[in-house]
Amino acid sequence: MIASKRSPLVWAVHLSVILLVLLWTTPTLGLLISSLRDKDQLAVSGWWTALSTSTQNSVFRAPGADQQVERDGTFVISGNVLSGGDGEVQAFGFNSREPAAYLPGDSADLGDGEKLTVQADGSFEIVSDVKMEGSRGQRIFFTAASPPRFTFDNYREVLAAEGIGASFINSLTVAIPATIIPILVAAFAAYALAWMKFPGRAILVAVVVGLLVVPLQMSLIPLLKLYNGVGAFFGVPAKTYLGIWLAHMGFGLPLAIYLLRNYMAGLPREIMESARVDGASDFDIFVKIILPLSFPALASFAIFQFLWTWNDLLVAMVFLGTGNDELVLTGRLVNLLGSRGGNWEILTASAFITIIVPLIVFFSLQRYLVRGLLAGSVKGG
């Protein structure tokens, strides 16, 4: 009876999970498909139409009069409006007011005895009984249907851009230490707040919780001034990897301490008491018992911190710089997009390249994510 009452709720939960998965994975799938599409088709249609024939309005300028040839007493300029060689012309015209006035195979009167004919395969002829004059060629407006086209050219263009490899190494140099250092510091602090009794412990826990809601943008400039003052006193350069590691450590410590403290507080007290009876010190308990048992929480925070530091642009520009030798991958791709305008093919390929490493990290550690986040939510010390 209980199972029958719960079954609708179970189905609702399953359907909700499936819906959430689709909502999160669909944009990534669309990004991948868009990054593999031909740039001309990508500019005129969405990724969901990638497997269907796309229609595009274009304009082609025919060669000038110097390219005409004489054939059977007439002068002819010929060519093909479909530069890619594939597709099918559905309509054409010779002015912008009526770009689809004629069907393939029709003859359009251009005046002065000239006639334009465009075939379905894109081939065209401009025929005149007298020799044509003028330096500019005739504009041909046409509507063409193109089959789906996929290519790796977008990725080749991004990966071949100057400085991409160095920026990739810079991002790894920033992200890996900026993930490990906060974990090391936060683990010691979390153990102290969870199991060591000292005056002011509750106040420190409240301060950590309060720091979780402090916006990064609010603390960025004060932190930068403090770091510059300390650096000037000790003669340390203003923008170094050490500076950005310390900045990311400061921004990541509140969440790390809060997450690890909740997890460690939920561990069985009997284990620590037994270790103390055997003569173990707090350091021995921390290294040999707490750290191995806290791996799910450590992995959970590592995922969040790595994703944050890898995708960060603001902190990297402030604490590391924007020079060619210091620029991280996100900054390099922003510059690449800025120099190319708003090309969608560059945007999609660049975005997918930046998420490859975070995806590898997430899927490697994701089995610990939920365990680490939920630990300590019910039971605490």
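I began with Leu116, which, leaving out residues up to four places away in sequence, touches Phe92, Phe94, Asp106, Ser107, Ala108, Leu110, Phe124, Glu125, Ile126 and Ile140, where contact stands for heavy atoms within 4.5 Å. The model I am reading is predicted, so that local features need pLDDT of at least 70 and side-chain atom pairs count only at pLDDT 80 or more, while totals for chains, interfaces and linings use all residues. Residues are numbered from 1 along each chain as its sequence is written, and side-chain values use heavy atoms, with hydrogens and water left out.

**Strand β6**

I placed Leu116 in strand β6, taking helices (H or I, at least four residues) and strands (E, at least two) as DSSP runs numbered from the N terminus. Leu116 is buried, with a relative accessible area of 0%; buried means under 20% relative accessible area, exposed over 50%, and partly exposed in between, with a 1.4 Å probe and protein chains only.

Beyond its neighbours within four places in sequence, Glu114 is in contact with Ala108, Asp109, Ile126, Val127, Ser128 and Met132.

**Positive phi outside glycine**

I noted Asp112, in the loop between β5 (107-111) and β6 (114-118), for its positive phi of about 55° although it is not a glycine. Asp112 is exposed, at a relative accessible area of 72%. I then turned to Asp72, in the loop between β2 (69-71) and β3 (74-80), where phi is near 55°, again a positive value in a residue other than glycine. Asp72 is exposed, with a relative accessible area of 78%.

**Salt bridges**

How many salt bridges does the structure hold? I found 4, a salt bridge being a side-chain nitrogen of Lys or Arg within 4 Å of a carboxyl oxygen of Asp or Glu.

I looked up Asp38 with Arg149, whose closest N and O atoms are 3.0 Å apart. This pair links distant parts of the chain, since Asp38 sits in the loop between α1 (2-36) and α2 (39-44) and Arg149 in the loop between β8 (139-146) and α3 (153-159), 111 residues apart. Asp38 is buried, at a relative accessible area of 16%, whereas Arg149 is partly exposed, at 22%.

Glu125 and Arg71 meet through their side chains in another salt bridge, at 3.0 Å from N to O. I recorded this pair, too, as linking distant parts of the chain, with Glu125 in strand β7 (residues 123-128) and Arg71 in strand β2, 54 residues apart. Glu125 counts as partly exposed at 30% relative accessibility, and Arg71 counts as partly exposed at 36%.

For Asp153 and Arg156 I read a salt bridge of 2.7 Å, N to O. Asp153 and Arg156 are separated by about one helical turn, because they stand 3 residues apart in helix α3. Asp153 counts as partly exposed at 44% relative accessibility.

**Helix pairs**

I then looked up helix α4 (residues 164-195) and helix α10 (residues 295-311), which pack at an angle of about 145° with their axes 9 Å apart; axes are lines fitted to C-alpha atoms, for helices over the stretch in contact, and angles run from 0 to 180 degrees between N-to-C directions. In α4 the residues Phe168, Ser171, Leu172, Ala175, Ile176, Ala178, Thr179, Pro182 and Ile183 meet Leu298, Phe301, Ala302, Gln305, Phe306, Thr309 and Trp310 in α10.

Ile271, Met272, Ala275 and Arg276 of α8 make the contact with Asp282, Ile285, Ile289, Ile290 and Leu293 of α9. The contact of α8 with α9 has 7 nonpolar, no polar and 2 charged residues.

Terms used:
Ala, Val, Leu, Ile, Met, Phe, Trp, Tyr, Cys and Pro count as nonpolar, Asp, Glu, Lys and Arg as charged, and the others, Gly among them, as polar.
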